[in-house]
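Biologist: I am new to this structure and would like to learn how to read it. Could you take me through some features, one at a time?

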Amino acid sequence: MPAVPSLAHTVHEQLSEAVTRALPAFAGTDPLLRPSDRADFQANGVLALAKRLGENPREVAERVVRAMDGATVLENVGVSGPGFLNLRVRDAAIVENLTARCEDDRLGVPRNPDAGTTVIDYAQPNVAKEMHVGHLRSAVIGDAMVRILEFTGEEVVRRHHIGDWGTQFGMLIQYLIEHPHELDRSADSGSVEASGAEAMSNLNRLYKASRTLFDSDPGFKTRARARVVDLQAGDELTTGLWQRIVDESKLYFSSVFEKLDVEIRDPDVVGESGYNHMLDETCRLLEESGVAEVSEGALCVFFDDVRGPDGNRVPLIVRKSDGGYGYAASDLSAIRDRVFHLHATTLLYVVDARQALHFKMVFETARRAGWLHGNLKAVQLAFGTVLGADGKPFKTREGETIRLIDLLDEAIERAAAVVREKARDLGPEEIRERAAQVGIGAVKYADLSTSAIRDYKFDLDQMVSLNGDTSVYLQYAYARTRSILRKAGEVRPTGRPDVALEPAERALGLHLDGFGAVLEDAAREYAPHKPAAYLYRLAALFTSFYDQCHVLSEDNTRAVTENRLLLCDLTGRTLRRGMELLGLHAPERL
């Protein structure tokens with residue numbers, strides 16, 4: 001089924017045609033249409049046109065109104081103030097639009113005809129290290145953007161640039177050679193969560209023991225450094241043990257991401273090591289092209305607008321003076337791979353805002369080298385910091401970074417209390433399932449409802465509240481729509497254009513019409529907070545509609561009930577689809 005044109009789009013087209021008829025010299029001029037609290041829409045573009053004509057704005061506006069005779073979706077058009085146009089859509093046009101959306105699995109949302117291929121880099125934990133609260137935002141924001149981009153028509157390639165290379169592996173591998181059973185797991189680790197927990201416990205023990213020995217035993221330190229050389233040279237024993245450490249870490253990552261309800265597929269995990277074979281060539285190409293130069297033994301790229309406190313230029317170091325490679329070499333090699341092998345038209349990096357300077361320099365280097373060419377773009381979707389109640393970076397009382405798995409478990413526990421209170425008819429297994437959906441959803445929505453670049457305070461009590469801008473509020477509104485439809489029995493949702501709409505019905509219907517536009521904005525601007533805000537407003541408008549327009553009242557005519565059930569059905573389906581795109585569950589009962 002083709003996409004359903006939004007009422008805003010149709011009104012804009014009909015108004016533009018009227019401007020062309022009334023003022024032929026300004027054919028194609030944007031009438032500047034927007035939603036309004038004075039009417040359904042208001043347009044103020046006529047004011048600028050009247051000024052250019054040197055005529056009275058109200059008189060020019062009246063000419064445009066007269067030219068709108070026959071506008072099919074409008075009930076009336078009026079002139080207010082100095083020449084604003086106030087436009088009200090016919091009730092029947094709203095119902096017809098909602099009916100068409102109900103008949104489409106995509107709710108009338110169009111696919112972007114100009115979509116390309118986006119490679120999105122997100123959820124990038126470090127091997128042999130525990131995931132903490134700092135890993136939350138990249139995973140949650142990145143997962144939502146993958147879903148939104150795919151739904152709106154983009155081809156998406158996921159990449160998880162995990163930290164799986166570096167000198168620390170010499171220490172870990174050497175200790176493992178000398179203590180070969182350190183990573184042994186029990187015969188039956190049970191679930192993915194249990195296996196992941198055991199894997200991380202073993203890795204933590206390995207890291208602490210090897211670090212202690214490295215710091216206290218000069219002989220072990222020498223052997224560990226030699227092991228780094230063996231790793232870089234591809235020694236079979238060394239690389240085999242390195243792979244074992246990576247695999248154990250992936251098992252742990254999987255358990256955390258599974259609890260967070262973020263899908264991570266193994267082929268999409270391409271860490272720093274995945275570009276090792278490209279590093280020499282990347283450096284050679286940069287040096288031969290003159291983009292990079294050797295400075296004090298290191299291969300560097302300089303920028304006139306990046307300077308230190310002393311006024312000297314601060315370089316991007318691609319290869320260090322000792323011959324080792326910096327993060328820039330890996331990131332630049334990844335760009336080459338993603339552009340020339342994966343054929344990306346957009347590179348999207350969901351990375352902490354504190355790395356903005358690094359990525360600015362990397363992107364500019366790639367442009368100078370000709371790897372980011374033409375319309376190909378690279379974008380950092382930068383995010384802020386998760387804060388505690390004190391407004392400082394979120395840590396334990398002891399000042400330690402909070403483990404992500406502990407944070408998620410606590411969210412589920414808090415949510416379980418809410419579910420038990422609201423849904424007394426659920427059994428223990430259903431309560432556990434709902435608690436996970438509500439708790440994890442609460443954590444993710446709190447992140448997504450804030451503009452990514454902003455810091456936000458982590459407050460679990462507020463996150464699982466039924467009141468305010470929370471995922472629980474959305475989930476409860478959705479569950480209410482499902483409850484109404486179950487109670488309706490044989491009466492089915494049906495659009496009745498002959499039924500006059502109450503103000504609350506009109507407000508809800510017009511907001512439902514805007515779902516596609518919000519998703520288009522979110523995909524174009526990489527702004528998942530926009531659909532989050534849209535869904536909150538939708539839930540609030542549905543609550544007002546529910547309070548003011550009794551859906552199943554015996555006083556209703558059948559046509560009124562069917563029309564209101566249509567609003568309930570489309571509201572529920574839009575809430576569910578929107579929550580899915582944000583990575584949230586929509587329980588049928590709550």
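Biologist: Leaving aside neighbours within four places in sequence, which residues is Pro125 in contact with?

Modeller: Happy to start there, with the reminder that this is a predicted model. Once the neighbours within four places in sequence are set aside, the contacts of Pro125 are Met131, His135, Ile162, Gly163, Phe253 and Phe257.

Biologist: Where is Pro125 found?

Modeller: Pro125 sits in the loop between strand 5 and helix 5 (136-151).

Biologist: Is Pro125 buried or exposed?

Modeller: Buried means under 20% relative accessible area. Pro125 has a value of 2%, so it counts as buried.

Biologist: How many residues apart in sequence are Pro125 and His343, and how far apart in space?

Modeller: They are 218 residues apart in sequence, and their C-alpha atoms are 25 Å apart in space.

Biologist: Let us move to strands. Which strands does strand 10 pair with?

Modeller: Strand 5 (residues 117-121) is joined to strand 10 by four bridges, and the two run parallel. Within this pairing, Val119 has Leu347 of strand 10 as its bridge partner. Strand 10 also pairs with strand 11 (residues 377-383), again in the parallel sense, over seven bridges. There, Val351 has Ala382 in strand 11 as its bridge partner.

Biologist: How does the chain cross from strand 10 to strand 11?

Modeller: The path goes through helix 12 (residues 356-368), making a β-α-β crossover that is right-handed.

Biologist: How many residues of strand 10 are buried?

Modeller: Seven of the seven residues of strand 10 (residues 346-352) are buried, so this strand is largely enclosed by the rest of the structure.

Biologist: What is the order of the strands in the open sheet, and how do they pair?

Modeller: Three strands make up that open sheet, in the order 7-8-9, with antiparallel pairing. Strand 7 (293-295) and strand 9 (316-319) are the edge strands, each pairing on one side only. Direction ignored, neighbouring strands of this sheet are turned by 50 degrees against each other on average.

Biologist: How many bridges join strand 7 to strand 8?

Modeller: Three bridges join strand 7 to strand 8 (residues 298-301), and these two run antiparallel. In strand 8, Ala298 is the residue opposite Ser295.

Biologist: Which helix lies across strand 7, strand 8 and strand 9?

Modeller: That is helix 10 (residues 279-288), which runs at about 125 degrees to strand 9.

Biologist: Now to charged side chains. Why can they pair?

Modeller: Side chains of opposite charge can pair when their charged atoms come close. In this model the count comes to 42 salt bridges.

Biologist: Which parts does the pair of Asp513 and Arg101 tie together?

Modeller: Asp513 is in the loop between helix 17 (503-512) and helix 18 (515-525), while Arg101 is in helix 4 (residues 91-102), so their pairing ties together parts that are 412 residues apart in sequence. Their side chains meet in a salt bridge with an N to O distance of 3.1 Å. Both Asp513 and Arg101 are buried.

Biologist: Where do Glu410 and Arg414 lie?

Modeller: Both belong to helix 13 (residues 404-422), four residues apart, about one turn of the helix.

Biologist: Which residues are linked in a network of salt bridges?

Modeller: The network links Glu520, Asp521, Arg524, Glu525 and Lys530. The side chains of Arg524 and Glu525 meet in a salt bridge at 3.4 Å, N to O. Arg524 is partly exposed at 46%, and Glu525 is partly exposed at 38%.

Biologist: Last, the cysteines. How many disulfides does the structure hold?

Modeller: The structure holds zero disulfides. For Cys283, the nearest cysteine sulfur belongs to Cys300 and is 11 Å away.

Conventions:
Residues numbered from 1 in each chain as written. Predicted model: local features only at pLDDT ≥ 70, side-chain atom pairs only at ≥ 80, totals over all residues. Heavy atoms only, no water. Disulfide = S-S within 2.5 Å. Salt bridge = Lys/Arg side-chain N within 4 Å of Asp/Glu carboxyl O. Buried < 20%, exposed > 50% of the residue type's maximum accessible area, 1.4 Å probe, protein only. Pairing = 2+ DSSP bridges. Right-handed = clockwise from strand over helix to strand, strands pointing away. Axes fitted to C-alpha atoms, helices over the stretch in contact; angles between N-to-C directions. Contact = heavy atoms within 4.5 Å.
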